[in-house]
Amino acid sequence: VLSLTRMMSLPFVHGVKDQVTKLQAQLESSALILDAWQLFQRNWVLLSSLFSHEDAKNSLQQQTTRFNWVRRRWVSIVRHASKDLALLVVCQFPSLLEMMKENNAALEGILSSLGLFVDSKRAIVPRLFVLGNYDVLQLVSFTDLTQIRPIMARLFMNMVDIDTNDNTSTTQTNNLQYQRIRIYGLICDNKESFLFPKNILISGSIDHWLPSLVDIMKVSFVDSFSSLISKMDNQQLADWILSVPTHMMYLALQVWFTREVDECFNQLETNIHSFDNYDNKLQEKYIELLALLDTPLTKVESEKTAVALTLISNYIETTKYLGLDQNNKWWWVQHPKLRYSKESQKMTIVINDETTEFGWELWGKIRPAIMTPSMQRSIHSAASDKNSMILGSHGTGRRTCIENLAMLYGRYLYHVPAF
């Protein structure tokens, strides 16, 4: 188009001016058609897949009728285009630009009317509320696993991918392939893999397979945690840390510390040095982990060891404080404590006399806070009062405080930007 515009400014254009003007008008019209075509194609791929599902057709009868009207018009355009793929020939279809604009208006209208349908899916799977309407529709109607991988990962805490254990991530999937896609586990943000005891088949409505995926994640978490707690007492701490997922290690150390501090208080009447003895034990664990950093480790192993060192360091400071005065037990009573029962495989968070069940949400990456006095007060306050609000200027650790509570409680955490 720019070349033709320059030609029109030349003094020798008069002999071909009509042809240049006609070609320029054709190219400008073709550019508008291509813009409309691209918009149509984006919405068409999503909605054509959506309306291929029977549950969508049954739930969205009016939208299905409108979509079928667009489909008939689109089929006539495709038939024309298939005869000759040259751009200017395709664009000779009668009133093509107007038809594409009408089709786009119809598809946009269908998309804007799907709010109640999307909300019905969110009512079944509440964590879909963290996704926009378009992302939910992609999950409901997907035909390309590559497109939904990042969307699926956002439904879990700090996960970057799903483990399908095959090469379907690089292929376009049709309905038959769709029926064969299985999810074998989740891939954490630090590249650790969390495998399920059995895979989940992506088949049928999202109402069925997505809740099953969430459930199998939690069931796998429960079973794996029971096993690693048993191994913790029979292995060297350094060996054990390298063999377990980071979040599970974090929780198991919290359970272990709670159990040991409770035992120190129980022995205090007969052994006034119980906390001193435990402090020495923690110091030995700390030295053991420091020595581990001097050995060849992968990036993930180094990060995991650093997390354990931060936790042990916090435990040492807490133990020293509790051992200073028996009256400091009131602080421990108000402190969030993680307790686990091997018999029932249940984990609870105890504050004062209030007990809350652990949520069994696996975090793909954790960043434990360094427990300064102000951070401890904030966590105590937020954990004790469910309606509390943590205030502070930028960079003071508000988000870290909330993340630590969510990790401790095994809950899904969604960040809503203020602006």
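Q: Which residues make the nonpolar surface patch of about 220 Å²?

A: A patch joins nonpolar side chains (Val, Leu, Ile, Met, Phe, Trp, Tyr) within 5 Å, from residues with over 30% relative accessible area and no salt bridge. A salt bridge is a side-chain nitrogen of Lys or Arg within 4 Å of a carboxyl oxygen of Asp or Glu. Areas come from the Shrake-Rupley method with a 1.4 Å probe, and for residues only the protein chains shown count as cover. Here Leu34, Leu87 and Leu88 make the patch. This is a predicted model: local features need pLDDT of at least 70, side-chain atom pairs need 80 or more, and totals for chains, interfaces and linings use all residues. Residues are numbered from 1 along each chain as its sequence is written, and side-chain values use heavy atoms, without hydrogens or water.

Q: Why does Leu34 count as partly exposed?

A: Buried means under 20% relative accessible area, exposed over 50%, and partly exposed in between. Leu34 has 39%, so it counts as partly exposed. Leu34 is found in helix 2 (residues 17–50). Helices (H or I, at least four residues) and strands (E, at least two) are DSSP runs, numbered from the N terminus.

Q: In which sense do strand 2 and strand 3 pair?

A: Strands pair if DSSP finds at least two bridges between them. Strand 2 and strand 3 (residues 193–201) pair in the antiparallel sense, over 5 bridges. Ile187 stands opposite Ser193 in strand 3. The two strands form a hairpin with 4 residues between them. Lys191 in the turn has a positive phi of about 75 degrees.

Definitions and conventions. Patch = residues over 30% accessible without salt bridge, like charges linked within 9 Å, V, L, I, M, F, W, Y side chains within 5 Å. Buried < 20%, exposed > 50% of the residue type's maximum accessible area, 1.4 Å probe, protein only.
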